[in-house]
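Please consider the following model with attention to its charged side chains.

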Amino acid sequence: MTGELILEKARETMKLVYPQEEAHQLSPGWLGKFKLRHGTRSFRRFGESGSIDIQDMVKKLEAIREKIDSFPKKDVFNMDETGLFYRLQADHSLATKQLEGKKQDKERLTIVICCNEDGSEKIPLWIIGKYAKPRCFKNINMTGLDCHYRSNKRALMTSVIFKEYIRWFDKKMHGRKVLSVINNCPAHPKNIEGLQNIDLFFLPPNMTSKIQPCDAGIIRDFKMHYRRRLYRHILEGYELGQSDPSKIGCYQFCSSGLEC
């Protein structure tokens, strides 16, 4: 729905109500008052939550809560992936004149985020990129990074990487019994043998946009913190006289110390 459609419909209605009068000129000021009077403003659609059957979701939530409540909050973890265009900058900025647009760098990484229910434990990030050995990792000790780097041609989560991640997480939880809540997708195989410390619990399909904990603000906050650090890095680069400080590599991202 747009303002133009509202004005067009209002003119048609005025013709029906007052057929003898000349066409009414409805101004943008009239539209602004109309929206204010009826509490109407512009909203952006996010995600796919509008496609979910709410009644079916409410029924399944009972079983989900029952499963989660059987573990202490510190032992309930949620793992999710998100795409990050780590070089992409905002298309608006404070300036003294109109800025010219530039071709944006849309190189993508997949970030695997995992934390527990009470927020007391944040698992190191896993980063999935396109290249097995990016140039920025030359002469870098990969084991000394604050995260774990993996790669495939599309920089996406695969069943092979997922199994490796789950087995790594299982070893990390040695001596504990924890619940790992995971969304249901083809890249997340359900049958992984040899797990001793974690219990995998897959959310119902097509409902994760409403009930996935990491989608309730954790991923958004992570990206906001990253953007803040990116802009600070770019500003510091300009102050040091670098020609293009926005051209960062995977190493700068992986060594930034960000947590979910």
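How many salt bridges does the structure hold? This is a predicted model, in which local features need pLDDT of at least 70 and side-chain atom pairs count only at pLDDT 80 or more, while totals for chains, interfaces and linings use all residues. Residues are numbered from 1 along each chain as its sequence is written, and side-chain values use heavy atoms, with hydrogens and water left out. The structure holds eight salt bridges, a salt bridge being a side-chain nitrogen of Lys or Arg within 4 Å of a carboxyl oxygen of Asp or Glu.

One of them joins aspartate 199 to lysine 67, with the closest N and O atoms 3.0 Å apart. This pair links distant parts of the chain, since aspartate 199 belongs to strand 6 (residues 198–202) and lysine 67 to helix 3 (residues 54–68), 132 residues apart. Helices (H or I, at least four residues) and strands (E, at least two) are DSSP runs, numbered from the N terminus. Aspartate 199 is partly exposed at 25% relative accessible area, and lysine 67 is partly exposed at 27%; the class lies between buried (under 20%) and exposed (over 50%), using a 1.4 Å probe and protein chains only.

A salt bridge also connects aspartate 105 with arginine 87, the closest N and O atoms being 3.0 Å apart. Both residues lie in the loop between strand 1 (76–85) and strand 2 (108–116), so the pair ties together parts 18 residues apart in sequence. Aspartate 105 is partly exposed at 24%, whereas arginine 87 is buried at 13%.

Finally, Lys74, Asp75, Glu121 and Arg176 are linked in a network of salt bridges.
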